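Q: I'm new to this one and would like a close look at a single part. Could you walk me through it?

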Amino acid sequence: MALTRFWGLFLIHIALLLGLCFAEDPFVFYDFEVSYITASPLGVPQQVIAINNKFPGPTINATTNNNVVVNVRNKLDESLLVHWSGIQQRRSSWQDGLLGTNCPIPAKWNWTYQFQVKDQIGSFFYFPSLHFQRAAGGFGGFIINNRDVIPIPFDTPDADITILIGDWYTRNHTALRKALDAGKDLGMPDGVLINGKGPYRYNDTLVPDGVDYETVNVHPGKTYRLRVHNVGISTSLNFRIQSHNLLLAETEGSYTVQQNYTSLDIHVGQSYSFLLTTDQNASTDYYIVASARFVNESQWKRVTGVAILRYSNSKGKAVGPLPDPPQDEYDKTFSMNQARSIRWNVSASGARPNPQGSFRYGSINVTEIFVLKNKPPVTIDGKRRTTLSGISFVNPATPIRLADQFKVKGVYKLDFPNRPLTGPPKMETSVINGTYRGFMEIILQNNDTKVQTYHMSGYAFFVVGMDYGEWSDNSRGTYNKWDGIARTTTQVYPGAWTAILISLDNVGVWNLRTENLDSWYLGQETYVRVVNPEATNKTELPMPDNALYCGALSKLQKPQDISLATSITGSRLKLFFTVLMIVFALLLLSL
């Protein structure tokens with residue numbers, strides 16, 4: 001009996017020790033089956049991309065430093081990559097889900113992503129990055145919560161709500177792709193979706209009968225954290241909730257100075273967290289609106305997303321006109337001034353205990369300067385293309401990072417210009433040569449007629465300035481060098497510039513692109529290659545065992561193995577055996 005008790009206690013101690021070994025950075029697991037389904041978000045049956053038969057896909061919920069494992073089963077009829085927008089993939093651009101770093105997952109194949117959300121918190125989203133597929137869905141939210149030991153700069157909300165907004169076409173993504181390939185514009189979208197659903201029928205003329213709409217259910221006297229993401233194609237949207245203020249608290253991993261907005265412009269690819277207090281009398285339901293910005297509003301009235309905010313004690317349906325959008329048709333500075341008002345909360349802790357503002361970006365010397373200019377589409381070799389500094393990017397058959405790993409020559413050129421080309425535009429695989437631990441200043445100059453948003457993988461950058469006109473060296477006198485917001489996606493207004501600063505401390509190959517999906521598809525992107533001259537696992541993780549091969553290295557690709565990566569299976573097995581040992585030990589103690 002004593003011996004049995006001894007072994008029971010011994011096994012419990014071993015199990016607890018094993019648990020402690022893996023408790024520091026726990027794993028969260030997801031299985032994604034990506035497939036087509038038929039849905040009618042705007043009342044017209046069409047093919048959309050679903051995850052686990054859901055449109056939009058499930059929200060990934062993780063905590064700072066968690067290891068996230070997502071097994072993707074591609075049931076589409078074309079190749080697939082999933083990009084985790086805003087997830088910095090510290091030391092591992094191998095997991096970024098873009099053509100510069102990853103070979104596509106072939107149709108009918110499985111592939112498993114495994115990455116750590118190292119030193120990050122905040123609101124992000126994921127989406128399919130190939131073949132214009134985001135226009136068909138496949139997107140979902142991605143939440144990174146603070147660790148319990150790190151306080152958040154507001155009272156814990158009563159609930160967390162993800163809201164995905166975006167423009168939408170009733171043509172499927174292959175038809176949209178063919179239109180772009182044929183040199184055509186996509187034209188006005190057919191609507192705006194909120195969480196994959198069409199507008200509430202607030203107007204019998206503009207909204208047909210039978211369209212399913214989103215309802216957000218709340219209780220009075222509570223505070224909710226709304227995580228709002230513009231996952232659309234190319235339309236900036238103004239987000240507002242009737243009779244309610246939106247208290248801005250966080251954007252793309254940075255806590256902001258908290259301030260109320262009656263509405264906020266959310267551009268393509270951007271994410272915001274608002275605190276919503278349900279303090280109204282609930283005489284009726286309330287409209288949630290996402291309407292197109294910087295367009296002819298009389299022509300675009302039907303392109304408006306409308307959902308319903310419903311209190312549990314609501315006394316009736318929402319009626320009457322929608323809350324007004326900003327009245328700034330002839331005031332181009334309103335939206336820019338609103339963007340400038342979004343400031344970094346320098347006293348709040350982010351993913352680490354130290355205040356966000358302890359990183360004094362304004363006192364760091366700039367080592368590299370790039371002026372990136374985009375213009376309206378041009379014709380190159382008979383094809384309609386978009387450019388960045390006169391170069392229309394061509395994705396190589398062999399991903400850049402893979403080519404570096406195997407020393408494949410001629411895949412790309414490290415010759416992206418610091419200033420825009422003065423000659424005719426050209427199509428090239430031209431890459432920015434970033435210096436490891438350098439501090440880069442990038443000026444994004446938008447000489448097109450529509451808003452562009454730019455995203456950079458691998459980093460959060462500091463938005464230090466924006467204004468109308470052409471940027472010049474004198475523009476630096478207007479920079480915010482103290483509390484400019486750190487984020488991953490910033491807008492650049494037409495005929496204007498935005499300046500960002502980036503600390504190049506993350507080794508890898510990182511995509512810098514417009515988030516406007518049509519312009520991205522036509523070549524408005526590049527990559528920044530950041531290499532540590534001293535190769536070490538401390539600054540970049542080894543190539544994953546399950547890496548796919550393509551292009552010049554396609555002969556290295558083995559036939560599909562539907563099993564998960566060994567390291568992932570091992571993690572699950574360790575957890576299983578830990579639990580099994582505890583159960584067995586408890587059985588011994590009960591004897």
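In which sense do strand S27 and S30 pair, and over how many bridges?

A: A word on the model before we start: it's a predicted one, where local features need pLDDT of at least 70, side-chain atom pairs count only at pLDDT 80 or more, and totals for chains, interfaces and linings use all residues. Residues are numbered from 1 along each chain as its sequence is written, and side-chain values use heavy atoms, leaving out hydrogens and water.

Now the strands, which are DSSP runs of E with at least two residues, numbered from the N terminus (helices are runs of H or I, at least four residues). S27 (residues 452-456) and S30 pair in the antiparallel sense, over four bridges; to count as a pair, two strands need at least two bridges found by DSSP. One place to look is tyrosine 454, whose bridge partner in S30 is threonine 490.

S30 itself covers residues 489-492. In a regular strand, side chains alternate between the two faces of the sheet. Here Thr489 and Gln491 sit on one side, Thr490 and Val492 on the other, and all are buried, meaning under 20% relative accessible area with a 1.4 Å probe and protein chains only (exposed is over 50%, partly exposed in between).

Glutamate 515 lies in the loop between strand S32 (508-514) and helix H5 (517-521). It's buried too, because its relative accessible area is 0%.
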